Amino acid sequence: MRFDLITVFPDFFRGPLDYGVVARARARGLIEVETHDLRAYTHDRHQTTDDRPYGGGEGMVMKIEPIYACLERLLGAAEREKRAAASTRVVLLSAQGRVFHQALAREWAGLERLVLIAGRYEGVDERVAEYLADEELSIGDFVLSGGELAAALVLDAVARLIPGVLGDPQSAINESFAAAAGGEASGALDYPHYTRPPQFQGMAVPEILLEGNHAVIREWRLNKAREKTRRLRPDLMRLGRFYF
Ligand code: SAM
């Protein structure tokens, strides 16, 4: 799968994409990531990507032209067909979009290409959301100073669900919110994990995990996942994403 990141700060992505699962997936050719500097799609001496808002008000607004030019270059005629067939998706990161969640990450892991546009300043000329992007996507009900962090987060969540990316495919099944994949706790939070030492400064690992009875451990984990979900995320139950 290919990810295209459209930004005014291409270097921003160096850290997040150079570690762990995402870095390994890139090295193994399971995902391809290209960053695109919007300044390269400007035509003035100052490489202007933002301007004052019509109607007045504070701050600057990202201009439509560089974003349009970048998308035109990325999505040629063949890509337009794929987009129509929904195997390519163009997403504008925005606090106003639908809120990202695991089921969407799982759905997008089946795409051929995901184009993520990161905004800055007061936001992006609304015509980008209206005419150029397939949708606006938020990573939560708070306002970030830019869409790059949000784009990196979406890329990470999607990439790890692409077949072959995680060393053990079971990892993506037995984890929080894994209802769609039929995980053990089906949409609940993950069960608690422990490792050695069994005792640390008076804090003990639950005895049951040390006894090695796998049927009992499985039941215990299921119950703990339910209990933790009820305690920490009762909203998951109210939303009906919780199947037991
Ligand atoms: N004026 C905008 C508003 O009130 O909705 C906020 C603009 S924000 C300072 C600048 C950029 O950060 C946005 O264009 C968007 O790309 C990104 N951003 C901010 N919050 C976000 C969120 N919750 N999810 C995704 N992107 C976000």
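The model is predicted, and local features need pLDDT of at least 70 while side-chain atom pairs count only at pLDDT 80 or more, although totals for chains, interfaces and linings use all residues. Residues are numbered from 1 along each chain as its sequence is written, and side-chain values use heavy atoms, with hydrogens and water left out.

**Ligand site**

The ligand is surrounded by 20 residues, where a residue counts as near if one of its heavy atoms lies within 4 Å; the closest are Leu-93, Gln-96, Gly-119, Glu-122 and Phe-142. By class, this shell holds 9 nonpolar, 9 polar and 2 charged residues, with Gly counted among the polar ones and Asp, Glu, Lys and Arg as charged. Strand E5 (88-99), strand E7 (135-138) and helix H6 (147-159) each supply at least two residues of the shell, and E5 gives the most, with 4 residues; these elements are DSSP runs, helices of at least four residues and strands of at least two, numbered from the N terminus.

Polar contacts, meaning pairs of N or O atoms within 3.5 Å, are listed here.

| Residue and atom | Ligand atom | Distance |
|---|---|---|
| Gln-96, side-chain N or O | oxygen | 2.7 Å |
| Ile-139, backbone N or O | nitrogen | 3.0 Å |
| Gly-147, polar backbone atom | oxygen | 3.4 Å |

The protein covers 83% of the 590 Å² of accessible area that the ligand has on its own, as computed by the Shrake-Rupley method with a 1.4 Å probe.

**Domains and backbone**

An automatic or database assignment divides the protein chain into domain 1 (2-159) and domain 2 (173-238), and the centres of the two domains, taken over C-alpha atoms, are 35 Å apart.

Most residues other than glycine have a negative phi, and most peptide bonds are trans. Arg-196 and Pro-197 are joined by a cis peptide bond with omega of about 5°, and Pro-197 lies in the loop between H6 and strand E8 (199-200).

Terms used: Polar contact = N/O pair within 3.5 Å; in protein donor to acceptor, adjacent residues only side chain to side chain.
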